[in-house]
Amino acid sequence: MSIAMILLALAVGCYAVAVLESWAVHGRLSLTRPATSALALLGREQIMPRTPDRLFFESGPVLLLVAGLLSVAVIPLAPGLIITDLAIGALFLNAALAYVLVALIMAGWGPNGAYGMIGGWRFLGQFIAYAMLIVMPITAVAMRAESLSTTQIVLSQAALWNVAYQPIGFVLFVIAAMGVAWLPPIDLPTGGGDLAGGVEAEYTGARLAVLRLARLVIIVALASATVTFYLGGWLGPWLPGWVWTALKTLAVAAGMLALGSRLPRLREAKYLELSWKLGITLALANIFLVGVIALVVPI
Amino acid sequence: MSLATALFLAFFGVAAIWFGIVVFRTHSMVRSAIALLFSQTAIGAMFLVMQAEFLGVLQIMMMATEMSVMAIFMVMFMMDPGGMGKMDMTHQKRLSLWAGGIGLVAALVVIWTAGWQGPVPDVPGADEQARLLGREILGRSMFIFESAALMILTAMIAATMVAIAPQEEDTP
Amino acid sequence: MMDLSGARQGLLRGFRGLVAGAMARDLRAFVIPGEDIANARGLDLDAAGLIRAVTPRHANVLLIAGPLPTALADAASVVWAQMPRPRCILALGEVDLGPLPTADVTAEMSQAGLISGLEDLRKLLRNGAFAPDITEFDAPALSERIEYTCPMHPEVVSDEPGKCPKCGMFLVERRVSGAASHGHEGHEGHEGHEGHEGHEGHEGHEKSSTGSTQAEKAHHHADAVTSAEASTSYVCPMHPEVTSDTPGSCPKCGMDLVPQAEAGEHAHQGHHAHHGHGHHAKPASEPTGPYTCPMHPEVTSETPGSCPKCGMDLVPQAEAGGHAHSGHGSHKHHAHTPAQEGQGGHAAHGAHGQQDAHSEHHGHAGHGAAPDIPGIEPHFMSMVELTEGKPVSPDGLVMEWIDAPFGPFFPGLPSGLHMVLTLDGDSVAGAEIRGMEAAALPSGVALEDFAASLADAVPLSPVAMRELACRAAEAATGQTAPKDVLTARAAAVERERIASHLNWLAGLARQAGLAPLGRRAAAMEHRVRTAKADEVAEQATSITSLLHVALNRSLMGPKLTGIGTLQGASEGPVARAAGHASDARHGDGVYDELGFEPITQDEGDAMARLRQRCAEIAQSLDLIAEAGAIAIPVMPRAKGDGHGMATLETPRGPATLHLTLKGGMVSSTHLTTPFAALAAHVPDLIKQMELADALTAIASLDLDPWSASQ
């Protein structure tokens, strides 16, 4: 039952994010556009590029979708409303997101085209930039909760949300999450001006629809992970818990999309440099600070 | 161990071996790397079936990234990474056959002679496992892990240095 | 009921009806020649609510915004073939579509035409997205034929397999694009069309080098480049006594100098490249058995089998040689296994061509044979051998290089600019601009017609071209316009400068992923392009605030600073951004009266160019306010003969027009624009830059390939 409810919520969330994204990209708010776009995609011809690595070409989008769905599995919508409440949920989320990388490499390599291939390998090239900044802030979050379970992490924020307890970690995590979901300004694998669609460039029709859906799922997963780790999950007054989770998730997603449309695409080298030199240092400092606070102040 | 668990364990075990074979059966470097990845993922899934949640998930996570990094190194350094040239990557077949055969016999001997006492009756809960692992890694085994990490780092840097061909301006 | 030219096969029933309705509402256009040209021709795509696709694969509408030169029409046919069905064409204005099918909807070249055209397209799609019978699309640029050639004698080309009449060797097959067949007259018409066009994923435009077709092209290409580089002497087409070692303009007439080689050898280059290919095909040191190991050339055998050293399959020697393309006889080319053919994007065959030029700088002679290690068979997968002969990047990592085509419709580049970038991983190892063949200007026409066709030929700055024609005509006929008319005409050029710079800003913003800023700049451009002087003044504040936003956008500095620093440019905004105060307006009487002083920046990088163009927009606003009125130049009536020359600072730099009148008609013309000189800087400018940075650098130059010298 809870699985069905969460999948329903996920579907609604994906649609809402699609509406927001098309608003941010095309400048027009249309509630029906994602539906018409998806239908139109289903009707389009599916073109197989010449001499593809067919296995990768076909399985890349599907693996991406699976990775997104698995990462959603450990996000609590409300107390008890979670697909699987693993004791090591936060680690599981990381593991699932690691396959976003694998899927993009496969989807980029499969079609045998320069733009897609560069896009896929680029995403791997940026790996350190986002992966470390996902893992290290989560470490600090788990330190405070003294658990890797996502439910425990939400409960640990009852007195004070992590966004106030460890703001450095929050900022780093949001930036890294945008990198994992290749949202602008870090949309390096697909950058329209650089790679003409990059990884997506050779996909058409239903395969493109799967790829786009998978990306939406990943955006929702990362936004809801941000909510779980830093914004107190379902905690909030007056409204039922699941409403709070949903509202916060949409707000985070909208914030990411708004940020993306206002910033120029980051230069690859700059992004990597900032993440290595500044990001990882800050993340280590964050872990240290949280450790000290957790030892000294009991909240 | 219940029948379902045993079946799952066998399934993932066979999958791991099958992907391991695919590594050598394909001509494509990238496919080879990804097959190795999924072989390791299957081993991670076996950990999960055996209720070692932390280790299983860790294995699944680390292998995804490690094998991807390996794939990009293969693409960078190897000719014909797509395997379109159908280049034969095997070599020293007789030696490998012998090594494989001896390894198989050794494994069978270990399996037959070890005094199996059946599965541990009460597996601690996943969070308890994580806690115990943490104490182990940050206690008794800390030195081993730290030195291993340092060695891997050194090896990575050294391997890259060796792989890059010397340039003319480097040699006086 | 007319069918859609690009309908998808199937009956329009049930679910498909729903889908067709959705498609009609979800139009995604791939704009040809590009958004900058569409903007300049007065189309406001955002106002029409049209969503643009970044690749033809995601588009269902091919929007053709105005006339195309022939070369671009060919490229457009490749784009069309890449679009998934159902697809349709909307042509605005009177366009010769060349190989494309007839446009589904044709409308006039205006915003109203665009909107009504889109409306008609929607209806068409709703009713005709699926059709039981569909027409296949084919075009010369898509066709591919297999021809057979002798590995030893490249001049032997046959359409059928067989033996070489000269040496008796078996001919080897290769694929050739129909479009690249200029070298072999008499072989057209034998095209073996492979597959159905929709599934071809054709390489011409967006795709990487799929298969050997592209490789063949790349070979031709690389060699042609080398031969052009070999003779770096530039000569004036009019004054042969003027020669120079660097590109530039003639001190006598101001025309662009052309490479000397180009004059005589151009016609033969295609063929020439073939010779090169052939000579490389058979290195002198190759042993003589018919079968050899691709890794161990010393292993030869009379019969097929496997290599005793590494177990690889032996390959026919001729084939090995033919593909190895080892230019330096003494090198053993293990790296290029024969069957690499067809590997496409992953193995850039074009790189082999490059290596000739490259090896002059980085000799590979230093790599000896790998030392024997006990227990390991010698030469087993030795990196030194595997990578021998491959071009080496400055970072020392030897990789396969990819020749990736960018343009002529690449969304991040000026439309019509066709480049081939040799990519070493994600960095640019080499670049080549394939010029756009501009339509020849008419001669023997009346002055007014000439000005109109010049303005049409350079759609990004039509008013400046008109003014230029006007000034040249005045110089030729000795007439002068009253001062207030001259001032108003200068104001028209300044208005166009504002519009052009805004259009450039919109393009840069789109490329950088700043969609909202791009929309704002494009919308502002539409408001300014045809505004009167007082309307321009009304817009001044909002333009200034737009410029402020563009300059102070967070992360804009890190994105552009230090990118594409170019101190070598001598003219135009690019030179002024680097501190050279060269401006054709300086010293021009009309502008002096308006109080014009050139503006300059120092750094000469992309950020300085942004600042420079923003400052020039502000300056042009002031100049228009000072002038008080805007008037489109009107050509003087001409009688008699004469020769006139005029230079004008267009938005991209000074353009010079020579005009000869005979009997009141234009008999000969020559136009020089900043494009060639600026484009010549590009390959050096972007060498070893990351791809994204390189594209940013090119975008910041504001190249206008449409104005290529005519």
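**Entry 1: chains C and A**

I looked up the contact between chain C and chain A and found 57 residues from chain C and 46 residues from chain A; I counted two residues as in contact if their C-beta atoms, placed from the backbone, lie within 7 Å. The model is a predicted one, in which local features need pLDDT of at least 70, side-chain atom pairs count only at pLDDT 80 or more, and totals for chains, interfaces and linings use all residues. Residues are numbered from 1 along each chain as its sequence is written, while chains are lettered from A and ligands numbered from 1 in the order in which they are written.

Helices (H or I, at least four residues) and strands (E, at least two) are DSSP runs, numbered from the N terminus. Helix 1 of chain C provides the largest share of this side, 7 residues. By residue class, I have 24 nonpolar, 16 polar and 17 charged on the side of chain C that touches chain A. Ala, Val, Leu, Ile, Met, Phe, Trp, Tyr, Cys and Pro count as nonpolar, Asp, Glu, Lys and Arg as charged, and the others, Gly among them, as polar.

**Entry 2: strand 17 of chain C**

I then checked strand 17 of chain C, which is mostly covered, with 6 of its 6 residues buried (20 or more other C-beta atoms within 10 Å of the residue's own, C-beta atoms being placed from the backbone). Trp401(C), Asp403(C) and Pro405(C) point one way from the strand, and Ile402(C), Ala404(C) and Phe406(C) the other way. Strand 17 pairs with strand 18 (residues 418–424) of chain C in the antiparallel sense over 6 bridges; pairing requires that DSSP finds at least two bridges between the strands. I found Ile402(C) opposite Leu423(C) in strand 18 of chain C.

**Entry 3: chains A and B**

For this pair I found 22 residues of chain A in contact with 20 residues of chain B. Helix 4 (89–109), helix 5 (114–125) and helix 6 (127–145) of chain A each supply at least two residues of the side of chain A that touches chain B. Helix 4 of chain A gives the most, with 11 residues. I recorded 18 nonpolar, 3 polar and 1 charged on the side of chain A that touches chain B.

Technical notes. Buried ≥ 20, exposed ≤ 12 C-beta atoms within 10 Å, placed from the backbone.
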